[in-house]
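This briefing sets out the architecture of one protein chain for computational work. The sequence and the model follow, and the notes are grouped by topic.

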Amino acid sequence: GGGGVELLGEQLGPMCVLAAFDAVYSFFAQKNRKSTWMCKSMGLSKYHDLLLKYYGRDRLRYLYLVRDPRDVAMSFMKTPVGDCHYYVIAEKWCALQDAAARVCEECGDLVLTVTYEDLLRSRDMVTAKVHLFLGSMKFSAVDSDKSVLAECGAEELNASAKASREATTASPLSYQFKNLVRGDSFAKEQFQKWKNGKEPLPEADLLLIESVAHKTMKRLGYEPHLVGVSREPTVFSPAEVAEFENQNKDNIEVMKENLRKDDPEDLQRRQYQAEVLSLPAERLPSLAVEGERPAGYEPEELRRRLVTEGRKECLELPGGLRLRVGAVTLQGYHPTHQLPNQDTLCLAFQIDSQPHRHLIGVLDGHGPDGEKCSRRAAEVVPLQLAQSLAEGKPATEALHVAHIRAAETLWNDASLHTLSGTTAVSALFDGSQCWISHVGDSRCILGSERKGRLEAKVLTSDHDPSRADELKRVKDCGARVLTKNELHGEEQEGAEGVPRVWAKDKQRPGCAFTRSLGDKEAQSVGIVADPEVQALSLSAEDRVLVLASDGVTDVLGSEFCCERAVAAGDPLEAAAELVQLSVGKWMEKSDRVDDISIAVCLLEHKGTARSGAAVGFYLLAAAMAVTSGFLGGFCGIPGPPIILFFLHFPVAKKVQKANGTAITGLNAATRVVVYLLDLLFDDGSKHALSTEDVWLYVCVALCALLGAGVGGVLFQRIGNDQVVIKVVLVVLLFLNGVTMTVSALLSS
């Protein structure tokens, strides 16, 4: 990794870096049942002294593959990797040959030199030389059904190379890897293509390359065609060299843009690799480790940030329905590089100037331009919905039209990648009516109170190949539905078990969904933008509507989401808490966090008679308060009824704190009033308050203040985990019991 590796070597010692390098390669070789590994980077020749010291002469070997620089330059100009100017390519080629020359001079017995041209002329002969140089055991592979090593000869290696698992797996990953599965006819085309190819090098480019590399070429046995024969080598000025380097940078950007259109997955892999290699060494210790959250994702700090950045609305609807909305979105986290938040919230209130018409939605983008797709769709859907409703279309048809037009907007935008799109789930409130629409795998969940408990129902059904109707449609369009492992002909080992949609003759698009807004290329395999729309009749039992991306639903259950939302009492606090809990779940199972978005809609039905369960709840709450007050006045310990109540009725942490504070405060205030009245109306008996105990009062007051402060800090640190809260309540109940027992014993 260039300067980063050198800096890390200074900090930890170069042998430590090499040991880590060796461990990664050795582990990969072992997992692939190989007895050794090779690194094909010629750049390692610069570290020959270190390699020799680490491996020793018995283990270290070099295969020095030499190729005509004129052919090398032509190949590099056609591949989406490295430099894109003949001068820069030729300069780097010479530098690498100089580094290799030193290794050959100092340790010639450890080096086997092979020319690319000899390999093309006689592959079997050259492979046999390599086989002999490294030793036959180096080509062995462990047979999992036997306890012996299966050896392969040179002819067998060559015959099976093109059809090997490694070749077939790597070939679709990038342009230059396609050569791995091409036959002899292609190999013959690579011999002296600078002169005999379909598009030979122009004389100007040939002169440039030979002017830079003619001395090294002669040393390696390659005769110049122009320099020293009919032309003198060109001597380039510093200004010309600088111009070549600028042209190289421009050409690289053009190459990336072409690759972005032709093979976006390959470009993403290369950009990720470049970002990793560019990381400074001092970043390494700060990466998140198991059990540790990255900066900005600590529970309380994250919750405060979400509440601050989130949106909250209170909407009055006809029929006595109040809709309280809270929505938040959180950019995901990756340990090595930062990606944009591809989720978007859609909160459109008073659509078409109608006071009781509101659209609330969540969109989850995907692909290279996923964030652009979700944002654009979040803008287009409300506008098209308003237009369709204004034209008199029914809500179901209007939602369908709005989503289709949003998809068309994305399809017609040439700046968006054809494998980018977005899911969408939304709730349209129009007066006292509601409609739910969805495309993809973002979900809508309804929480309703029935028979004293909250029940959750998922109103949407994910659009993916697991649905029989969706599977039939994409297959009728000629799609293949396979996991990635099945696509590559590998045994399924649980690493990638998600069925994906592929074209019959391509390893694209690979969609894990069957409906989406966007994804223009995927239309050919049956990926459609049609939303599923359903009318929802809201009843007095309905308490909450949750709309969420898979960043939430992949890690939190539907019933849990509804319970937490209702318990929180505040929609924005509920949304922030659910996002915070989702982050925790993602951190538990991996080193990354998906983008997370959620909209919580709390439903309040004014003027509706409370259910029997609700009446019972308030009666028990009143009984709890009375009992707590009685115990507070009787023995000074009001806590047990409060603790027992909240153990049975788990509510949000802040609700527990508020109720506990109110009851305890009223208890204390009432007792003080009683004691003062007792002191004012002196009947000659001993008073509860006494000047003899003033120091006791001071001590108790100071301890109470200290305890309240420490308790408040601990209360914030335990988060909103109901299991932890219940454990704390049980401990407090036990301490209350001990205190009451000791008090009773002392009194007797």
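Among contacts in the protein chain between residues at least 6 apart in sequence, what percentage join residues at least 24 apart? The share is 66%. The coordinates are a predicted model. Its secondary structure consists of 27 helices and 19 strands.

**Overall surface and burial**
- The protein chain has 748 residues, of which 41% count as buried.

**Nonpolar cores**
- The largest nonpolar core contains 37 residues. Within this core, Tyr-62, Tyr-86, Tyr-87, Leu-201 and Phe-236 have the most contacts.
- Two or more residues each are given to this core by α3 (48-55), β1 (62-66), α4 (69-78), α5 (86-106), α12 (203-219) and α13 (238-262).
- Helix α5 provides the largest share of this core, with 9 residues.
- Leaving aside residues up to four places away in sequence, Tyr-87 touches Leu-208, Val-212, Phe-236, Val-241 and Phe-244.
- A second, separate core has 33 residues, among them Ala-548, Cys-562, Leu-572 and Ala-576.

**Helix α4**
- Helix α4 is largely enclosed by the rest of the structure, because 7 of its 10 residues are buried.
- These buried residues are Pro-69, Arg-70, Asp-71, Val-72, Ala-73, Met-74 and Ser-75.
- The buried residues of α4 pack against α5, α6 (116-121), α11 (193-196) and α12.

**Aromatic pairs**
- The structure holds 7 aromatic pairs.
- One of them joins Tyr-25 and Trp-37 in a tilted arrangement, at 4.6 Å centre to centre and with 40 degrees between the planes.
- Tyr-25 belongs to helix α2 (residues 14-31) and Trp-37 to the loop between α2 and α3, so the pair ties together parts that are 12 residues apart in sequence.
- Tyr-25 is partly exposed, with a relative accessible area of 29%, and Trp-37 is also partly exposed, at 23%.
- Another tilted pair is formed by Tyr-87 and Phe-244, with 5.1 Å centre to centre and 40 degrees between the planes.
- This pair links distant parts of the chain, since Tyr-87 lies in helix α5 and Phe-244 in helix α13, 157 residues apart.
- Tyr-87 is buried, with a relative accessible area of 10%, and Phe-244 is buried at 12%.
- Phe-21, Tyr-25 and Trp-37 form one aromatic cluster.

**Strand β6 and its partners**
- Strand β6 (residues 321-330) is mostly covered, with 8 of its 10 residues buried.
- Strand β5 (residues 311-317) runs antiparallel to β6 and is joined to it by 7 bridges. Cys-314 has Arg-324 in β6 as its bridge partner.
- The hairpin of β5 and β6 has 3 residues between the strands, and Gly-319 takes a positive phi near 80 degrees there.
- Strand β19 (residues 596-605) is also antiparallel to β6, with 10 bridges between them. Leu-321 has His-605 in β19 as its bridge partner.

**The β13-β14-β15 sheet**
- An open sheet of 3 strands has the order β13-β14-β15, with antiparallel pairing.
- The edge strands, β13 (480-482) and β15 (509-511), each pair on one side only.
- Neighbouring strands of this sheet are turned by 30 degrees against each other on average, direction ignored.
- Strand β14 (residues 500-502) is joined to β15 by 2 bridges, and the bridge partner of Val-501 in β15 is Cys-511.

Methods
Residues numbered from 1 in each chain as written. Predicted model: local features only at pLDDT ≥ 70, side-chain atom pairs only at ≥ 80, totals over all residues. Heavy atoms only, no water. Pairing = 2+ DSSP bridges. Helix = DSSP H or I, 4+ residues; strand = E, 2+ residues; numbered from the N terminus. Axes fitted to C-alpha atoms, helices over the stretch in contact; angles between N-to-C directions. Buried < 20%, exposed > 50% of the residue type's maximum accessible area, 1.4 Å probe, protein only. Contact = heavy atoms within 4.5 Å. Core = buried A, V, L, I, M, F, W, Y, C linked by side-chain atoms within 4.5 Å. Phe/Tyr/Trp six-rings, centres within 6.5 Å; stacked < 30°, edge-to-face > 60°.
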